[in-house]
Amino acid sequence: MTATTTLTVLSAEAPSLVQSVDWLAVAPVVITAAVGLVVLVADLFLAERHKPLLGWISVAGLAAATATLVPLRAGDRSTFCLTGDPEACSYVADHFTLVIQFLVLAGALITALVSVTAVRDARMPAGEYWFLLLSSAAGAALLPASRDLATLIVALEVASLPAFALVGMRRGDRLSSEAALKFFLSSVTATAVSLMGVSFVYAATGSLHLTQVADRLEDVPGQLDTLAMAGVALTLVGFAFKTAAVPFHFWVPDTYVGAPLPIAGYLSVIGKAVGFTGLILVTVIAFPAYSDIWGPALAVLAALTMTLGNTAALRQSPDRPNSAVRLLAWSSVGQAGYLLVPIAAAAYSGRDQIGSTVAYALMYAAVNLGAFAVAALVARTKPLHRISDYRGLYAERPLAALSLGFFLLCLAGLPPGIIGLFAKVTVFRSAVDAGLGWLAVVMAINVVIALYYYLRWTALLFRTPEGAQTRTRAPWPVAAAVVVTVITAVVVSGYPELILRVTSGSLFAQ
């Protein structure tokens, strides 16, 4: 056989290493990242008086990225797959991916609307702000589609690194700089631990793709079992940090207080979505073989997180500066505990329980972003962010007061915020179905604790105001953000089955 013939035979037998990219599947991420680059370059050429245009370009880009989810609604696309194993893909656009990408991009869009006036009023550098926000949103949108550990960690860092800079964007503000540094150092430490865990998992399995890791962890050689268990535990640390689960929660209150208010809202929703998405992917897809380890651990974390978060929120003094932001921060820690419950339950009764976490996250995103939007509106005349500043808000801004009251009742799970009640019942049921009765009892106690501080704040909105009220015109982008979140919360409160139907059954590609 000649050399030419041999080369021909080898080339015919070897699989092609050239991959075709499904550009429609990756469009939400690509559009968001591309608009971020456009904003960064445009900032170099725009005069100062035209810089507000960058904000509207960002809003339009996020709206376009969200719209590209519509043709993907079948949830049957994947790309960047191994040529030798077409089932092992690095990017999968299944129903889980699409729901989380909608949450991320729509949440970033609301954040952008609230930020339009905040960037101008606080004199923050517009080009850098919008580029960082879009970059973080692109990373957050990539994460739910990631199906290998390397892409997962890269997406996590792309979502997180710009957030550090966004937190410290208020130049000359000591609280802002301190918050950014604390957020950065603690997050980098958690990421380093996760990377060590990923390296251990790779050493034990020889693969980074989640489906292959799951298969190979089922039959790990005895001498590598300890290494694999250590890798599983360490990998979860970085994602637990992003969810603000106890004991990885300590950065939350100071970071939210020091960050610009729109970014605090962004971190409370999109930052949390990033952590829970990663946690779901590595537990129920990559590490089901070790569910007897991460299941009980997450159940304990859920109980500790909701208890500490709600107890700390209960202790906030209404007259203390930044008490409103701190209450929302500790409330978000408590809500993280509820979100952890179905993930822990998935270890006992199957990964379909994950739909409860996704349903709760969708509800939480709408009402929490709405609460931060109202807080940004009130902060224009009362910049100390005290809970007492909201006394008599109904007399000054009746629509804002009604909106905030509705959001707080949704978070508490009380009518007319029916979606909050449905979300809590869904999470409660997941714990009961999994046989975690003790966790359901802890959750019920925490819901009662949370009722007190949510209702106390709600009642303050309608009390007789103290002193003269300052009336200012609400910026229409912030008002639009409040209206969008109110309409969303009202619609899903009237028809909660809209969310429950989307998140029921299996969200992952089979």
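Predicted model: local features only at pLDDT ≥ 70, side-chain atom pairs only at ≥ 80, totals over all residues.
Student: Okay, where do we start? How many aromatic pairs does a search of the whole structure find?

Tutor: The search turns up 12 aromatic pairs. One of them is formed by Trp 56 and Trp 476.

Student: Is that one stacked or edge-to-face?

Tutor: Trp 56 and Trp 476 are stacked, with 5.2 Å centre to centre and 10 degrees between the planes.

Student: And where do those two sit in the chain?

Tutor: In distant parts of it. Trp 56 belongs to helix α3 (residues 52-67) and Trp 476 to helix α19 (residues 476-494), so the pair spans 420 residues.

Student: Are they buried or exposed?

Tutor: Trp 56 is partly exposed, at 31% relative accessible area. Trp 476 has 57%, and it counts as exposed because the cut-off for that is over 50%.

Student: Which rings link up into a cluster?

Tutor: Phe 164, Phe 183, Phe 184, Phe 241 and Trp 251 do, through ring pairs.

Student: Switching to helices. How do α11 and α14 cross?

Tutor: The axes of α11 (residues 261-286) and α14 come within 8 Å and cross at roughly 170 degrees. The two helices are therefore roughly antiparallel to each other.

Student: Which residues make the contact?

Tutor: From α11 they include Leu 261, Tyr 266, Val 269 and Lys 272. From α14 they include Ile 354, Tyr 364, Leu 369 and Phe 372. By class, the contact has 13 nonpolar, 4 polar and 1 charged residues.

Student: Last topic, disulfides. How many are found?

Tutor: The search of the whole structure finds 1. Cys 81 and Cys 89 form it, with sulfur atoms 1.9 Å apart.

Student: Why is it called right-handed?

Tutor: Because the torsion about the S-S bond of Cys 81 and Cys 89 is about 95 degrees.

Student: Is Cys 89 buried or exposed?

Tutor: Cys 89 counts as buried, at 7% relative accessibility. Another cysteine, Cys 410, is buried with a relative accessible area of 0%.

How values were computed:
Residues numbered from 1 in each chain as written. Heavy atoms only, no water. Phe/Tyr/Trp six-rings, centres within 6.5 Å; stacked < 30°, edge-to-face > 60°. Helix = DSSP H or I, 4+ residues; strand = E, 2+ residues; numbered from the N terminus. Buried < 20%, exposed > 50% of the residue type's maximum accessible area, 1.4 Å probe, protein only. Axes fitted to C-alpha atoms, helices over the stretch in contact; angles between N-to-C directions. Parallel < 35°, antiparallel > 145°, perpendicular 65-115°, else oblique. Contact = heavy atoms within 4.5 Å. Nonpolar A, V, L, I, M, F, W, Y, C, P; charged D, E, K, R; others polar. Disulfide = S-S within 2.5 Å.
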